[in-house]
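This briefing reviews one predicted model.

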Amino acid sequence: MSDPADHVTGITRRQKEAVRESWGKLSSEWKKHGVEFFIRLFKTYPSILAYFKTFDGMDFDAIRSSPKLRAHMLNFKHGITSFVDNLDDVECLTVLIHKMTENHFRRQIAVNEFQDAFTLFTTFIQEVTQCDDITLGAWTATLTVISTVIRDHMTLLHTREDGV
Ligand code: HEM
(Lines give C-alpha, C1' and ligand atoms only; values in the text may rest on other atoms or scores of the structure.)
Protein backbone atom coordinates (compact mmCIF):
# COMPACT_ATOMS: atom_id res chain seq x y z
CA MET A 1 0.00 0.00 0.00
CA SER A 2 1.36 3.44 -0.83
CA ASP A 3 2.35 5.75 1.98
CA PRO A 4 2.74 9.23 0.49
CA ALA A 5 5.11 11.65 2.15
CA ASP A 6 4.21 15.31 2.69
CA HIS A 7 6.18 17.21 0.08
CA VAL A 8 7.32 19.86 2.60
CA THR A 9 7.90 17.94 5.83
CA GLY A 10 8.62 14.48 4.42
CA ILE A 11 6.34 12.98 7.09
CA THR A 12 4.30 10.14 5.61
CA ARG A 13 0.58 9.55 5.99
CA ARG A 14 1.15 6.50 8.16
CA GLN A 15 3.60 8.37 10.35
CA LYS A 16 1.04 11.15 10.90
CA GLU A 17 -1.58 8.57 11.85
CA ALA A 18 0.84 6.85 14.23
CA VAL A 19 1.70 10.14 15.96
CA ARG A 20 -1.96 11.18 16.25
CA GLU A 21 -2.95 7.84 17.75
CA SER A 22 0.00 7.77 20.12
CA TRP A 23 -0.57 11.36 21.31
CA GLY A 24 -4.29 10.68 21.69
CA LYS A 25 -3.50 7.96 24.23
CA LEU A 26 -0.75 9.82 26.07
CA SER A 27 -2.50 13.19 26.21
CA SER A 28 -5.70 11.70 27.63
CA GLU A 29 -3.70 10.87 30.76
CA TRP A 30 -1.38 13.87 30.67
CA LYS A 31 -2.19 14.96 34.25
CA LYS A 32 -0.38 11.81 35.37
CA HIS A 33 2.27 11.45 32.64
CA GLY A 34 3.03 15.15 32.31
CA VAL A 35 4.23 15.39 35.90
CA GLU A 36 6.57 12.44 35.43
CA PHE A 37 7.86 13.84 32.13
CA PHE A 38 8.64 17.29 33.50
CA ILE A 39 10.18 16.01 36.74
CA ARG A 40 12.42 13.73 34.69
CA LEU A 41 13.26 16.62 32.34
CA PHE A 42 14.23 18.85 35.27
CA LYS A 43 16.30 16.11 36.94
CA THR A 44 18.10 15.26 33.70
CA TYR A 45 18.66 18.89 32.71
CA PRO A 46 19.05 21.21 35.72
CA SER A 47 19.85 23.91 33.14
CA ILE A 48 16.26 23.60 31.83
CA LEU A 49 14.84 23.78 35.36
CA ALA A 50 16.81 27.01 35.86
CA TYR A 51 14.62 28.77 33.25
CA PHE A 52 11.57 28.22 35.46
CA LYS A 53 12.14 31.05 37.92
CA THR A 54 8.84 30.16 39.54
CA PHE A 55 10.46 26.95 40.89
CA ASP A 56 13.56 28.68 42.29
CA GLY A 57 14.39 27.32 45.74
CA MET A 58 11.79 24.52 45.56
CA ASP A 59 12.73 20.85 45.95
CA PHE A 60 11.41 18.20 43.55
CA ASP A 61 8.57 17.16 45.90
CA ALA A 62 7.35 20.75 46.06
CA ILE A 63 7.66 21.18 42.27
CA ARG A 64 5.83 17.88 41.72
CA SER A 65 2.78 19.09 43.62
CA SER A 66 2.89 22.68 42.38
CA PRO A 67 -0.13 24.01 40.43
CA LYS A 68 2.39 25.99 38.37
CA LEU A 69 3.87 22.72 37.12
CA ARG A 70 0.39 21.51 36.15
CA ALA A 71 -0.25 24.80 34.36
CA HIS A 72 2.96 24.54 32.32
CA MET A 73 2.23 20.88 31.56
CA LEU A 74 -1.08 22.02 30.06
CA ASN A 75 0.67 24.70 27.99
CA PHE A 76 2.98 22.01 26.67
CA LYS A 77 0.10 19.60 26.00
CA HIS A 78 -1.94 22.20 24.10
CA GLY A 79 1.11 23.14 22.06
CA ILE A 80 1.85 19.55 21.08
CA THR A 81 -1.85 18.93 20.33
CA SER A 82 -1.95 21.96 18.03
CA PHE A 83 1.14 20.72 16.17
CA VAL A 84 -0.12 17.13 15.86
CA ASP A 85 -3.55 18.35 14.69
CA ASN A 86 -1.97 20.46 11.96
CA LEU A 87 0.53 18.08 10.40
CA ASP A 88 -1.61 18.28 7.24
CA ASP A 89 -1.71 22.09 7.23
CA VAL A 90 1.98 22.96 7.10
CA GLU A 91 1.39 26.71 6.76
CA CYS A 92 -0.66 26.80 9.94
CA LEU A 93 1.77 24.43 11.67
CA THR A 94 4.62 26.80 10.84
CA VAL A 95 2.80 29.81 12.30
CA LEU A 96 2.01 27.86 15.49
CA ILE A 97 5.65 26.82 15.90
CA HIS A 98 6.84 30.38 15.20
CA LYS A 99 4.56 31.81 17.91
CA MET A 100 5.75 29.24 20.43
CA THR A 101 9.37 29.91 19.43
CA GLU A 102 8.91 33.67 19.97
CA ASN A 103 7.41 33.06 23.45
CA HIS A 104 10.48 31.09 24.44
CA PHE A 105 13.04 33.23 22.60
CA ARG A 106 11.96 36.13 24.81
CA ARG A 107 12.95 34.00 27.78
CA GLN A 108 16.41 33.33 26.26
CA ILE A 109 15.59 29.66 25.71
CA ALA A 110 17.64 28.21 22.84
CA VAL A 111 16.94 25.50 20.30
CA ASN A 112 19.22 23.10 22.24
CA GLU A 113 16.73 23.11 25.13
CA PHE A 114 13.97 22.04 22.76
CA GLN A 115 16.14 19.34 21.21
CA ASP A 116 17.04 17.93 24.64
CA ALA A 117 13.40 18.05 25.73
CA PHE A 118 12.25 16.33 22.53
CA THR A 119 14.86 13.56 22.81
CA LEU A 120 13.71 12.86 26.36
CA PHE A 121 10.08 13.10 25.26
CA THR A 122 10.63 10.38 22.63
CA THR A 123 12.25 8.05 25.18
CA PHE A 124 9.44 8.82 27.62
CA ILE A 125 6.74 8.00 25.04
CA GLN A 126 8.42 4.70 24.26
CA GLU A 127 8.58 3.72 27.93
CA VAL A 128 5.09 4.80 28.88
CA THR A 129 3.16 3.58 25.85
CA GLN A 130 5.44 0.66 24.87
CA CYS A 131 4.98 1.81 21.29
CA ASP A 132 6.36 0.03 18.23
CA ASP A 133 9.30 1.15 16.08
CA ILE A 134 7.03 2.71 13.46
CA THR A 135 5.43 5.00 16.04
CA LEU A 136 8.81 5.83 17.54
CA GLY A 137 10.21 6.68 14.09
CA ALA A 138 7.10 8.76 13.38
CA TRP A 139 7.63 10.80 16.56
CA THR A 140 11.31 11.26 15.77
CA ALA A 141 10.46 12.49 12.25
CA THR A 142 7.77 14.85 13.57
CA LEU A 143 9.86 16.32 16.38
CA THR A 144 12.81 16.74 13.99
CA VAL A 145 10.60 18.84 11.68
CA ILE A 146 9.37 20.92 14.65
CA SER A 147 12.95 21.39 15.90
CA THR A 148 14.11 22.49 12.47
CA VAL A 149 11.36 25.13 12.25
CA ILE A 150 12.27 26.34 15.78
CA ARG A 151 15.98 26.47 14.88
CA ASP A 152 15.41 28.40 11.64
CA HIS A 153 13.03 30.82 13.33
CA MET A 154 15.43 31.43 16.22
CA THR A 155 18.18 32.17 13.70
CA LEU A 156 15.89 34.78 12.11
CA LEU A 157 14.89 36.24 15.50
CA HIS A 158 18.57 36.70 16.40
CA THR A 159 18.93 38.96 13.38
CA ARG A 160 16.06 41.17 14.62
CA GLU A 161 16.41 43.48 17.56
CA ASP A 162 12.97 43.12 19.09
CA GLY A 163 12.89 39.30 18.91
CA VAL A 164 9.45 39.13 17.23
C1 HEM B 1 6.92 21.96 22.27
C2 HEM B 1 7.41 22.30 23.42
C3 HEM B 1 6.84 23.41 24.27
C4 HEM B 1 5.63 24.00 24.24
C5 HEM B 1 4.46 23.69 23.33
C6 HEM B 1 5.64 25.03 25.27
C7 HEM B 1 4.58 25.89 25.52
C8 HEM B 1 4.62 26.94 26.39
C9 HEM B 1 3.60 27.94 26.53
C10 HEM B 1 2.32 28.00 25.72
C11 HEM B 1 3.99 28.78 27.51
C12 HEM B 1 3.23 29.99 28.03
C13 HEM B 1 3.73 31.17 27.21
C14 HEM B 1 3.43 32.48 27.80
O15 HEM B 1 2.65 32.59 28.76
O16 HEM B 1 4.03 33.48 27.33
C17 HEM B 1 5.28 28.32 27.98
C18 HEM B 1 5.99 28.91 29.00
C19 HEM B 1 7.28 28.54 29.35
N20 HEM B 1 8.05 27.56 28.78
FE21 HEM B 1 7.45 26.29 27.35
N22 HEM B 1 6.83 25.01 25.91
C23 HEM B 1 7.61 24.04 25.31
C24 HEM B 1 8.90 23.72 25.62
C25 HEM B 1 9.67 24.34 26.53
C26 HEM B 1 11.05 24.03 26.79
C27 HEM B 1 11.88 22.97 26.08
C28 HEM B 1 11.44 24.85 27.77
C29 HEM B 1 12.84 24.81 28.32
C30 HEM B 1 13.41 25.69 29.06
C31 HEM B 1 10.32 25.69 28.14
C32 HEM B 1 10.30 26.68 29.12
C33 HEM B 1 9.25 27.51 29.41
C34 HEM B 1 9.27 28.51 30.47
C35 HEM B 1 10.42 28.77 31.44
C36 HEM B 1 8.03 29.14 30.44
C37 HEM B 1 7.52 30.19 31.44
C38 HEM B 1 6.85 29.44 32.56
C39 HEM B 1 6.26 30.31 33.61
O40 HEM B 1 6.30 31.53 33.49
O41 HEM B 1 5.70 29.75 34.57
N42 HEM B 1 9.25 25.36 27.37
N43 HEM B 1 5.64 27.20 27.29
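How many residues has the largest nonpolar core, and which of them have the most contacts inside it? The core comprises 22 residues, and those with the most contacts inside it are Val19, Phe83, Ile97, Trp139, Ile146, Val149 and Ile150. Five helices, α1, α5, α6, α7 and α8, each supply at least two residues of this core. The model is predicted, and the points below are grouped by topic.

- Helix α8 gives the most to the core, with 7 residues.
- Leaving aside residues up to four places away in sequence, Trp139 touches Val19, Ser22, Thr122 and Ile125.

**Helix α5: length and buried face**

- Helix α5 covers residues 67-85, and its 19 residues should span 27 Å at 1.5 Å a residue; the end C-alpha atoms are 27 Å apart, in agreement with that expectation.
- The buried residues of α5 are Leu69, Ile80 and Phe83.
- Viewed down the axis of α5, these buried residues fall within an arc of 55°, so they line one face of the helix.
- As a general rule, an α-helix has 3.6 residues a turn, so residues three or four places apart point the same way.
- The cover over the buried residues of α5 includes α1 (13-28), α2 (30-44), α4 (60-64), α6 (90-105) and α8 (133-159).

- Pro67, Ala71, Asn75 and His78 are exposed residues on the face of α5 turned away from its buried side.
- Phe76 also belongs to helix α5.
- With 18 other C-beta atoms within 10 Å, Phe76 is partly exposed, because a residue counts as buried at 20 or more such atoms and as exposed at 12 or fewer.
- From C-alpha to C-alpha, Phe76 and Pro46 are 18 Å apart in space, while 30 residues apart in sequence.

**Ligand surroundings**

- The ligand has 18 residues around it, of which Tyr51, Asn75, Gly79, Glu113 and Ala117 come nearest.
- Two or more residues of this shell come from each of α5, α6 and α7 (111-129).
- Helix α5 gives the most to the shell, with 6 residues.

Definitions and conventions: Residues are numbered from 1 along each chain as its sequence is written. This is a predicted model: local features need pLDDT of at least 70, side-chain atom pairs count only at pLDDT 80 or more; totals for chains, interfaces and linings use all residues. Helices (H or I, at least four residues) and strands (E, at least two) are DSSP runs, numbered from the N terminus. The expected span of a helix is 1.5 Å times one less than its number of residues. The arc is that of the directions from the helix axis to the C-beta atoms. Two residues are in contact if their C-beta atoms, placed from the backbone, lie within 7 Å. A residue is near a molecule or strand if its C-beta atom, placed from the backbone, lies within 6 Å of it. A nonpolar core is a set of buried Ala, Val, Leu, Ile, Met, Phe, Trp, Tyr and Cys residues joined through C-beta atoms within 7 Å.
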